[in-house]
Each structure stands twice: as C-alpha cells, then as structure tokens.
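I open my notebook and look up a few spots in this structure. Here is what I noted, entry by entry.

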Amino acid sequence: MSMITDHILTWVTFVPLLGALALWLVVRRDLHARILALVVSLVDFVLSLHLWFHFDAGRGDDQFVERVAWLWNGKVSYHLGSDGISLVLVMLTTFLGPLIILSTWRAITSRVREFLGFFLVLQTAMLGTFFARDMLLFYVFWEAMLIPMYFIIGIWGGQRRIYAAVKFFIFTMVGSVFMLVGILYLYFQAGSMELTSFLNLNLPHQTQLWLFAAFFLAFAIKVPVFPLHTWLPDAHVEAPTAGSVVLAGVLLKMGTYGMLRFAMPLFPDGVAYFAPAVSVLAVIGIIYGALVAMVQPDIKKLVAYSSVSHLGFVVLGLFSLTPLGVTGGVFQMLAHGLSTGALFLLVGVIYERRHTRLISDFGGLAHVMPLYATFFMIATLASIGLPGLAGFVGEFTILLGTFSSGFLPAAKVMAILAASGVVLGAFYMLWMLQRVFFGRLVHEANRGLPDLSLREVLVLVPLLIFMFVLGVHPGLVFDKVELSIEKVLGPLEEQVASGTVPAQVLLVAEDNQSGFKLLGATPEAEDLR
Amino acid sequence: MQSEILLRWIVLVPLLGAALNGLLNRRLSKQVAGLMACASVGVSFVLSVVVFLRLTGMEAENRLVQDTLGTWMQLGHFHVDLLFSMDQLGAVMALVVTGVGFLIHIYSLGYMAHDDGFQRYFAYLNLFIFAMMTLVLGGNLLMLFVGWEGVGLCSYLLIGFWFNEDANASAGKKAFIVNRIGDFGFLIGMFLIGTILLPHLNGDEGLFSFTVLREHAGLLAPSATAICLLLFVGATGKSAQIPLYIWLPDAMAGPTPVSALIHAATMVTAGVYMIARLNFLFVLSPTAMAVVAAVGGVTAIFAATIALAQNDIKKVLAYSTVSQLGYMMLACGVGAFSVGIFHVMTHAFFKALLFLGSGSVIHAMSNEQDMRVMGGLRSRLPVTYATFMAATLAIAGVFPFAGFFSKDEILWKAWSSGNTVLWAIGFLAAGLTAFYMMRLVVLTFFGENRASSEVRKHIHESPATMTIPLVVLAILSLVGGWIGWPHFMGGGGWFEQWLEPVFATGAQAGVHGAHTGAAALDVMVQNAQMNHAALETMHETGMEWTLAIISVLWAILGLVLGWFVYFKRAGIADAFKKAGGGFVYRLLLNKYYVDEAYDAAFIRPGYRLSRSVLWKGVDAGLIDGVLVNGSALVVYLLGSVLRLFQNGMIRFYAWTFTIGVAVFVLYLSFSS
Amino acid sequence: MEITLTHYLVLAGLVFITGMVGFVVRRNALVMMMCIELMLCATNIVFAAFARLHGDGGGHVFVLMNFAVAASEAAIGLAILVEIYRRRRTVNVDDLKTLME
C-alpha cells in the first residue's frame with residue numbers, strides 16, 4: 001500500500017499508460033477493451049481521490065513530491081509535485097476520464113481498443129503535464145498530448161478530420177517550439193531544468209519580455225486566445241464526441257494552467273508589459289467568440305466558439321493579478337470543464353441518433369426527448385452563469401477581481417466589456433435551445449428518437465451534480481487553491497502591490513448633483529507604463 | 001422553534017415541492033402533485049406569518065431575524081454568506097408573495113386541470129416561489145441577485161410553458177435576455193460596490209450584506225450616483241420600465257396564473273423592492289433618485305397610453321402593470337419608499353385579481369383573448385364580474401378601495417416633495433388608467449356577446465378553485481389599503497409606521513464611514529438629511545384633502561368616460577379613428593413600434609455584422625484564410641519552387657556540383 | 001625544358017576537367033562511369049606529383065588507396081548499372097528519373 005502512496009503521483013500519472021499498453025498488447029475483444037479501459041480510468045480516479053483527501057490545504061507549496069535525478073548528472077530530473085492548482089485540475093481530468101470512456105460505448109465502433117488506448121495515453125500525458133516540475137519533463141508531456149489527440153481526431157473524426165487534425169497539430173507545435181527555445185535558453189542560464197531554479201533567475205528586463213512572449217505564444221494557442229483560435233472550431237467539429245469532451249474539458253485548460261504556472265511567475269516584467277494587450281485580446285475573445293457563436297448553424301461549432309468566449313474570461317481573470325480574479329480564473333477552468341464537457345456529451349447524444357449537428361435539422365425535440373432537454377437546459381444555464389451553478393461563481397469572481405484590479409490598466413472598462421459577454425452568452429445559447437428543442441416537431445425524422453438511456457444518464461448526472469455542488473459550495477475548490485495561488489503569484493508581488501490602492505479610485509463627483517466620471521486609474525498603475 | 005431556523009424553511013420548502021414535482025412528474029397523480037405544490041407554498045405562508053408575528057413582538061428598532069445557512073464564497077477579504085434575513089420590509093414582501101402565491105396556486109389547480117404538463121407547471125411555480133423568497137429574504141445583495149436571476153429563469157420556463165408554439169418560446173427567451181441586459185447593469189453596480197468596500201473589510205464581514213452596506217454607506221457615497229444608476233438599470237429590466245419593458249407584454253404568452261403571479265404581483269416588483277432595500281444608498285444620490293422618479297413617471301403614462309388601444313385583454317393588463325410599476329418607481333424616486341412598497345402590496349392584490357379574472361374569462365371563452373369578440377359576460381360570469389369590478393375600482397383609485405390609498409399617497413408625496421410635474425404626469429396617467437380599465441370591463445362584460453355560437457355555448461362560471469381566490473383577492477382589494485389609512489383622514493398610517501425603521505436614513509448611515517474624507521461625509525449627511533426631510537410627510541392636511549378629492553373625482557370621471565365611450569355611445573371610438581385619430585390609434589396599437597425599432601437598430605444589424613463580418617469575413621476569411629491557411633500556402637509554394645531542383649536528372653545534379661565547387665574554389669583563391 | 005610541378009598539375013587539371021565535363025555532358029551511364037575514373041585518375045596524378053615533390057611516401061599510399069576505392073566503387077556502380085539495364089533496357093541517364101520529386 002505504501003508503495004503506492006509513497007509514489008502516488010507516478011501511479012496516478014502512469015496507470016492509464018499501463019492500461020493502454022495492456023489494451024494494445026493483450027486485449028482482443030472490443031467489449032473487453034471497453035471494460036478494461038473503464039476500470040483503469042476508475043482506478044485512476046480512485047487513486048486521485050487519495051490525493052484529494054490527503055492534500056494539506058494549509059500549505060501553498062508542492063506536496064507528494066517525487067524527485068529522481070535523470071539526465072546529465074542531475075541537471076534534468078524526474079520531478080513531480082502537486083500544489084492546489086495542479087490538484088484541482090488533475091481531479092477534473094481523472095473525473096472526466098471514466099465518463100468519457102463510458103460515453104464512447106456506442107459511439108466508437110471500429111478499432112475500439114486502439115481508440116481507448118490512445119485516450120489512456122492522452123490521460124497520462126495530461127496528468128504528467130499538471131504534475132511536472134522539471135521543465136524538460138513538462139515539455140515532454142506537453143508535446144506528448146498532441147500525438148494521441150492527433151490520432152483521435154484523424155482516425156475517428158468527421159469528414160474533414162485530416163485537415164482538422166493536421167491543423168491542430170501544427171498550430172500547437174509551432175507555439176510549443178518557441179517555448180522550447182525559451183526553455184533551452186533558461187536552462188543555459190540556470191544550469192538545470194528545475195522550475196525552481198528558473199524562478200530564482202534574475203533576468204534582465206528585455207530578456208523577460210522576449211521569453212514571456214515565447215511562452216505566452218505557446219499557451220495562448222492552446223487556450224485559445226483570439227486571434228490564435230481558428231484551429232479550435234475545426235478540431236472540435238471534426239473530432240469524435242469523446243475527443244471534443246477531453247479537448248474542451250482538459251486540454252484547453254493546459255494553456256491557462258501554463259500561463260499561471262510558468263509564463264506569469266517566471267517573467268513578471270513580461271506580465272506587466274503585456275498585460276494590457278493580453279486583457280484586450282481576452283475581452284475581444286469574449287465578445288467575438290460570443291458573436292460568432294451566435295451565427296453558427298452547427299451546434300458543435302457553436303459550443304466551440306462559446307469555449308473561446310468562456311476562456312477569455314479565465315485569461316482576463318488571470319491577468320488581473322488579484323486573488324479574486326486569479327482564483328476565479330482557476331475555478332472557472334473547472335466550471336467550464338464541467339459545463340462545456342456536458343454540452344459536448346449532450347451534442348454527442350443527438351449526433352449518435354441522427355448523424356447531424358445542424359440546428360436546422362432539429363426543432364421541437366423537447367416533445368420527444370424531455371429528459372434530454374432538461375439536461376441540456378441545465379448545462380446551458382451553467383454555461384451562461386446562472387447563480388447557483390458553478391459558472392456564476394467563476395464569472396462573478398473573475399469580473400469582480402478584474403474590476404477591482406489596480407494592476408490592469410483600464411481595468412473597469414475591461415470588466416464592463418467582459419460582463420457584456422454575460423448577456424451575449426444568454427442570447428446565443430437560449431436561441432440555440434429554442435431552435436433545437438422548442439416549437440413544433442418540424443422534421444419527421446426526429447419523431448421516434450429515444451430519450452436518454454441509462455448509460456447516457458450515468459455519464460451526464462455526475463457532471464450536473466457537480467455543477468450544482470460547486471455553485472453552492474465553491475469553497476471545495478477555493479480552500480485548496482488559495483495558498484497555492486498566493487505562492488505562485490509570489491514573484492509578481494511588485495506588480496500586484498502596485499494595485500493595492502484601488503478603492504479610492506472611482507468617482508470624482510464634487511457634489512452629487514453633477515454627473516459622474518466612472519474611470520480613474522490609480523496614479524501607480526499609470527506609472528507602471 | 002427559533003425564528004432563525006424558520007427562515008430557511010420559508011425559502012426551502014417550495015424548493016422541495018419543486019424538486020418532488022419535477023423529478024417524479026407523471027408518476028404523481030394530478031391531485032397529489034397539486035396538493036403538494038399548494039401545501040408547500042401554504043407552509044411558507046404560515047411560517048412567514050409566524051415570523052412576522054414574532055417580529056411584531058420585538059422592539060421597532062431591532063426587528064430583524066437572520067439565518068445563515070453557511071458560507072457561500074470566501075476568498076481573502078471577499079466573503080459572502082448564504083444568508084437569509086427578515087425585517088419589516090422582508091416581512092411585508094414575504095407575506096404578499098406567499099399569500100398571493102398561495103391563492104394563485106389554488107387557482108391554478110382549476111385553470112390547469114386539463115393540461116398535460118400539470119406537474120411540470122407546479123414544479124416551475126414552486127421553483128419560482130423559492131427563487132422569489134430567496135430574493136426577498138436574501139440578507140445580502142448577492143443572495144438577492146441569486147433570487148433575481150432565479151425568478152428570471154422561472155419566468156423563462158413559465159412564459160414558454162406551452163413551448164409547442166414557437167411564439168411562446170420566443171417570448172420566454174426575450175424575457176430572459178432583456179432581463180439579462182438589466183442584470184448587466186446590476187452586476188457592474190455590484191462590482192463598483194465591491195471594489196470600494198473590499199479593502200476595508202477583514203474577511204469576516206460579508207461583502208454585500210445589507211447591514212454591512214448600510215454601515216459603510218459613507219464610503220460608497222462619492223460613487224453613489226454611478227452605483228445607483230447601474231443598479232437601477234437592473235431594476236428597469238426586472239420591473240419593466242423604459243427602456244427594458246418590452247418583454248412584459250410578450251410574457252402574456254404564458255398561462256394566465258403565471259401572468260398574475262410573476263408578471264403582476266411578485267417578480268416585477270423585485271426592482272422596486274431592491275431600490276427600497278437599498279434606500280440608504282439611493283438617498284445619497286439625488287441624481288439617481290431623480291432619474292428613478294422621472295423614468296417611473298414617464299413609463300407610467302407611456303404605458304397607459306398604449307393600454308388604451310390594445311385588443312387583447314391580457315395585453316391591456318400587461319401595459320397596465322408596466323404603468324403601475326412606474327408609479328412605484330416614482331414613489332421611490334421622490335423618497336417615499338414605504339409608499340412604493342405599499343403600492344406593491346395593493347397592486348399585488350388587485351392586479352393578480354384582474355389577471356385571474358381575465359383567466360376566468362378566457363377559460364369561459366374557450367381560450368379567446370380578444371376583447372372584440374367578448375361582451376355580455378356580466379350575467380354569465382357573475383362572480384368573475386363582481387370581483388373584476390372590485391379590482392377595477394381599486395386600480396382606478398376609488399375610495400375606499402385599496403388602490404386609492406396607495407396611489408393617492410404616491411401622488412401626494414410627488415406633490416409635497418415639490419415635483420409638481422411628476423404629480424401632473426401621475427395624475428394624468430391615473431385618469432387614463434380609469435379610462436382604459438373601464439373600456440376593458442365594458443368590452444368584456446357589458447353589452448351583447450360577440451363571439452361565435454360555439455363559444456357562446458360553453459360560457460360558464462369557473463369552478464370553486466378558481467372563484468374562491470378571486471373572492472379573497474377582491475376582499476383584499478377592498479380592505480387591503482386600510483392598514484395604510486393616512487393620518488390626514490384620521491388613520492394611523494400603520495403601514496408606513498411599520499416600515500419606518502427600514503427607511504430611516506439620515507446620519508445613521510454616515511457614522512461608520514470613518515474612512516471617507518470629512519468633506520464627503522458632510523455632503524452625504526447633508527443629502528441624507530435633505531431627503532429625510534422630504535420623506536417626512538409634510539402634513540398640510542388641507543392640501544392633502546384637496547388632492548385626494550380631486551384624484552377620486554378624476555378617477556370616477558375616467559370610469560364614467562370609459563363607460564360612456566365604449567358602451568353608451570359605442571360609435572365614438574370608430575368616429576375618432578376615422579376623423580384623423582386613426583394614426584394615433586395605430587401608433588398606440590402598435591406600441592409606438594418600439595419593438596420594431598429595437599429589432600432594426602440592434603438585433604438585425606447585430607446578426608448581420610456577426611455573420612458576414614465577424615464570421616465569414618474575419619474568422620473564416622482573414623484569420624483562417626489569410627493567416628493560417630495562407631501561411632500554409634506560402635510554405636507549400638516555397639516547397640514547390642525548391643522542388644524544381646529535384647528533377648531526378650543526374651546530370652543536372654552533377655552540373656550543380658560542378659558550379660558549386662567552382663564557385664567555392666574561386667572564392668577561396670580570391671579571398672586571401 | 002624542365003618538367004616542373006606545374007606541368008603535372010596542369011595535366012591533372014586537364015584530365016579532371018575532361019572527366020568532369022564528360023560526366024556532365026554525356027548521357028550514357030557507362031561513359032559517365034569512365035569519366036568518374038578519369039577524375040579519380042587526375043587526383044592520383046596530383047597525389048603522386050606532390051609525393052615526389054615532398055619526398056613523402058604518404059602520397060603514394062594514397063594513390064594505392066585510391067585504386068582500391070576506385071575499383072570497389074566501379075564494381076558496385078557497374079553492378080547496379082547492369083541491374084538497371086536488365087530492368088529498364090536503357091542506360092541513358094536522362095531516362096532514369098524515378099528519384100525525382
């Protein structure tokens with residue numbers, strides 16, 4: 001037992017890989033493959049629960065650390081660790097794993113064990129990325145995510161799957177290559193690949209700017225940040241349902257995780273310099289994503305663009321450099337994983353039945369599939385941030401954090417523009433709901449559709465439950481990440497501190513009779529420029 | 001049982017009802033489902049009464065019961081609890097919501113008896129009560145907001161209840177989205193509050209808690225105008241004021257009890273409640289107050305004019321609601337918060353009655369809603385008619401019905417606070433109100449029935465489950481105003497007295513704002529005192545009597561005119577239209593084309609912009625086409641050029657070697 | 001006339017150029033192989049000349065190595081050529097373009 005618990009991170013990370021090997025080498029029958037994959041992912045989830053329950057929320061540094069010297073006389077080591085941020089994202093990953101595998105039961109019918117094998121390898125890569133504390137190790141896992149995803153999209157995807165898969169792969173790779181250059185440069189400066197040694201470097205201002213740009217590029221493509229987002233709609237639409245769910249649920253969070261863990265603490269000057277541009281891009285992403293989502297005829301593409309919009313919120317929150325904003329951003333990563341994951345699963349349900357995703361092919365579905373309609377509506381409401389569900393907590397804290405940020409220039413304007421995303425989100429989601437579910441049953445083909453099966457319900461209910469749980473008790477997450485975020489933002493103290501005089505900002509009304517001026521930046525924030 | 005614990009049950013029991021009806025749905029028989037739903041609201045009502053009675057037993061200054069379910073969000077200084085609290089204002093709202101809600105639940109048993117979605121309906125209705133109670137009993141602004149959005153959701157679900165018709169679903173969607181636009185303002189207002197207060201809190205005190213906000217009002221004073229205007233944007237959405245009222249008339253697509261409960265008695269008053277709850281903030285900004293009053297006044301008369309020309313019985317009532325909400329806003333805007341709430345209460349009684357009555361009519365007329373084919377229902381639906389008439393007298397403001405007391409108070413406060421223009425607008429609108437209500441009554445109940453014989457055969461009075469609530473509400477429409485019997489008429493003004501501690505502003509609010517500069521504090525205290533003075537009913541009894549009598553006479557005139565124009569001389573209206581009034585008539589009938597204007601100005605361009613420019617142009621064309629696929633094309637072209645060098649011709653390769661070597665040798669020999 | 005180093009280098013150069021030009025110009029693979037041999041021969045002359053000049057035996061060693069290399073390479077090249085001829089019935093280099101892009 002202690003052999004497992006002493007190296008729990010390694011176990012959690014590599015159990016899926018072992019499962020994949022077993023699938024590819026040993027298993028023959030489809031059904032066996034499915035069962036094995038499901039069991040492996042459930043085991044992985046249980047193992048990760050051990051992390052959850054033994055995590056000490058009173059510490060902000062890494063726990064469950066494993067470190068073994070690896071290459072070049074210890075300059076590169078196999079170093080895994082988990083702080084609060086990694087923990088919650090890992091929990092999301094292991095939680096989604098079995099659900100995704102369960103969702104493929106009838107969706108993937110050819111080459112089942114290859115698919116499940118790839119999926120498990122992907123799990124390993126994702127978990128490793130979250131745990132890695134050695135930069136080379138991180139980079140290996142980071143790149144390793146691309147390969148199974150490429151195959152999943154390229155083999156089991158839709159009509160334009162090759163195009164989408166290649167686009168996804170190359171686009172992400174291009175960004176990553178710049179990050180690699182940055183990592184190598186830092187290695188030569190620091191003498192080892194340890195993250196902590198990188199953090200201890202005192203880099204000159206100009207260098208920080210370049211390196212920040214390099215790292216940020218890689219992560220920005222992943223998130224995706226406007227205008228680097230165009231791989232996402234294609235990848236989502238062409239990927240099989242399970243692929244979309246894991247893509248939206250976890251892979252996109254890699255980008256924001258990377259920003260928070262690496263790009264921001266390593267290059268504070270870069271953060272300060274680029275924050276205005278980044279926040280503008282984030283806000284553009286929020287609004288642009290919503291507007292383009294509105295006019296999509298394909299439901300999956302609509303949800304894909306909505307992801308661009310939602311993750312704009314996360315990026316904005318991260319760059320507000322307020323505890324509220326950053327914690328809200330981390331929380332929203334989870335909330336988005338749940339709600340958008342659910343939405344893609346729900347789209348998959350209807351696709352399995354009708355093999356079309358076009359809104360115009362539906363209409364009046366609530367008459368024939370009331371349970372499905374209900375689930376879809378709940379997921380939609382979570383997505384648009386109805387209070388009581390997880391999405392609201394994230395959005396509210398992000399916006400409040402952004403609004404009150406003394407660090408971000410024009411913070412209030414950014415927050416106000418971003419808040420309009422709340423209205424737009426309601427608009428396009430409800431309009432889609434109406435065209436798909438309400439009104440008369442227009443197409444005869446929809447008449448006999450069966451409602452959700454038990455398996456489908458089992459896949460969706462856990463997600464819905466957590467949408468409610470996190471909506472009402474976000475402390476579950478907040479408590480675990482609070483100190484870790486404080487620690488991660490440590491190097492940015494100077495920048496954060498420049499923003500702790502926000503309150504007296506505001507309004508310049510001499511007497512309340514006159515009008516009001518809403519915007520006033522603190523002098524300090526302006527000096528930062 | 002402790003009062004505190006009761007609070008959570010007042011809110012949660014309806015949620016339980018909703019969950020049971022929602023999850024079990026068809027597995028429950030209609031009887032059981034209906035019983036359960038009514039019972040859960042009934043329990044809420046009873047518990048509200050209990051806590052209310054306990055409040056009466058406390059000292060006036062300390063009438064507050066609080067119940068904390070737990071911490072909702074906690075991050076450093078940011079702390080929000082799941083907090084319920086009931087004070088005098090909360091008690092009034094709770095009693096109205098659960099009381100009228102209960103009656104409407106009973107009514108629905110009859111009205112929805114033949115509907116397939118019976119259980120779903122009651123689930124949604126209970127869910128609504130839950131959300132509304134969260135709103136009303138929320139102890140902090142964020143809990144209020146939870147309820148606020150929650151009622152928006154239930155409104156969406158209930159308006160689009162019969163979703164087989166696309167129009168119904170659209171109406172629901174419109175309601176939700178327009179509300180969200182208001183919520184956008186609300187949120188920004190909250191962010192502003194949060195930004196100001198966060199550095200001053202220590203993480204134990206709940207940000208946004210009303211007691212905390214009140215204590216720190218001094219800090220908020222400099223930004224009060226902005227905050228209040230933003231919050232008011234939210235209120236215009238929820239309470240259907242200009243410019244966000246457009247969803248309410250469309251909301252009539254929902255079942256009539258829904259219109260009665262949500263879009264008359266309770267949800268739409270949430271905006272008024274919110275302003276009343278935050279009175280200590282609003283009084284800090286005379287600008288905001290002026291805006292509230294002005295918007296309220298203009299809305300009141302604007303909506304009244306539209307109501308004049310509508311042919312759908314529910315649409316008339318809808319615009320009437322918008323108009324009456326305007327009155328409530330007007331009251332709050334001139335500082336008479338308790339009067340605004342008074343009108344909320346009386347309006348709940350008579351407007352719910354009007355809607356339920358219309359539901360009875362619609363039910364009798366086989367779902368017909370156009371008044372032009374009604375008529376003569378007075379003899380066939382006696383109970384409906386009598387109660388409807390009571391409500392009409394109430395809304396017109398005829399003594400001694402409830403509407404008189406509240407409306408008259410509002411007009412008096414407008415006049416006595418020096419806002420003569422607002423008084424005039426309100427006065428005018430009151431006349432219009434009487435007129436269009438009488439028109440409605442005449443067209444529906446008087447004269448000859450104009451429907452087809454098929455329909456006429458089925459006209460029958462509604463069952464007891466529907467008529468009993470009508471009677472109860474009629475009684476309330478008569479006596480409900482008496483607890484606000486004003487001083488000048490010999491009464492004790494008990495309603496206003498009860499609410500007084502909630503609205504007592506003045507120096508209290510400023511004392512704890514120790515962080516503000518002295519100047520700001522002074523200004524704030526000054527303003528507060530000014531408003532407090534305005535609040536003090538200047539009891540010039542003579543003037544009050546005069547205005548009261550004029551109001552009643554004016555109302556009676558309106559009623560008589562309505563009866564005259566539409567009954568006695570039924571041709572007048574048509575003559576008016578032909579004599580050039582046709583344009584005015586069309587303008588009013590088409591509600592000043594506001595919806596069409598919004599569509600043309602925002603919706604259509606927005607859609608076209610998103611589709612052609614953003615999607616096709618920028619995303620697919622520019623970013624994807626030029627940048628992404630373009631760079632791929634560049635690489636491909638580069639490759640195809642280089643490919644020419646790989647032609648497989650050995651001699652070409654050899655020749656290339658030769659040239660290369662020659663160049664190299666030459667370079668070497670000449671470089672030294 | 002004294003035969004100096006220059007004469008040898010010029011001779012080697014001429015031979016080399018003959019071979020090079022021949023390689024580039026001629027299409028018959030066998031002839032191209034012969035041209036390769038010419039070029040190798042030219043390098044041999046240069047090696048030998050310098051060996052004699054410096055009195056260094058290393059240059060002669062290189063000539064012998066060159067023989068070996070030339071011989072093996074010729075052998076393999078001719079073997080490939082024979083195989084190509086068997087399959088394609090041509091030794092015209094212009095027709096052997098299958099390695100093109």
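This is a predicted model: local features need pLDDT of at least 70, side-chain atom pairs count only at pLDDT 80 or more; totals for chains, interfaces and linings use all residues.

**Entry 1: a salt bridge between chains**

I began with B:Arg651, which forms a salt bridge with C:Asp94. The closest N and O atoms are 3.0 Å apart. I wrote down the rule: a salt bridge is a side-chain nitrogen of Lys or Arg within 4 Å of a carboxyl oxygen of Asp or Glu. The count between chain C and chain B is one salt bridge. Helix α1 (residues 5-25) of chain C gives the largest share of the side of chain C that touches chain B, four residues. By class, that side of chain C has nine nonpolar, no polar and five charged residues.

Residues are numbered from 1 along each chain as its sequence is written, chains are lettered from A and ligands numbered from 1 in the order in which they are written, and side-chain values use heavy atoms, with hydrogens and water left out.

**Entry 2: the rest of that contact**

I looked up how many residues take part: 14 from chain C and 10 from chain B. Contact means heavy atoms within 4.5 Å. The area buried between chain C and chain B is about 1,100 Å². Carbon and sulfur atoms give 67% of that area. Buried area is the accessible area (1.4 Å probe) that two parts lose on being put together, summed over both.

**Entry 3: B:Gly648**

I found B:Gly648 in the loop between α28 (594-643) and α29 (650-671) of chain B. Is B:Gly648 buried or exposed? B:Gly648 counts as buried because its relative accessibility is 3%. The cut-offs are under 20% relative accessible area for buried, over 50% for exposed, and partly exposed in between (1.4 Å probe, protein chains only). Leaving aside neighbours within four places in sequence, B:Gly648 is in contact with B:Tyr653, C:Leu96, C:Lys97, C:Leu99 and C:Met100.

**Entry 4: chain B and its hairpin**

I counted 29 helices and two strands in chain B. Helices (H or I, at least four residues) and strands (E, at least two) are DSSP runs, numbered from the N terminus. Of the 672 residues of chain B, 60% count as buried.

Strands β1 (residues 64-75) and β2(B) pair in the antiparallel sense over 10 bridges. Two strands pair if DSSP finds at least two bridges between them. B:Leu64 has B:Asp87 as its bridge partner in β2(B). The hairpin has two residues between the strands, and B:Gly76 takes a positive phi near 65° there.

Strand β2 (residues 78-87) of chain B has 10 of its 10 residues buried. B:Phe78, B:Val80, B:Leu82, B:Phe84 and B:Met86 point one way from β2(B). B:His79, B:Asp81, B:Leu83, B:Ser85 and B:Asp87 point the other way.

**Entry 5: chain A**

I turned to chain A, where β1 (residues 63-71) and β2 (residues 76-82) pair in the antiparallel sense over six bridges. A:Glu66 stands opposite A:Leu80 in β2(A). This hairpin has four residues between the strands, and A:Trp72 takes a positive phi near 50°.

Key
Ala, Val, Leu, Ile, Met, Phe, Trp, Tyr, Cys and Pro count as nonpolar, Asp, Glu, Lys and Arg as charged, and the others, Gly among them, as polar.
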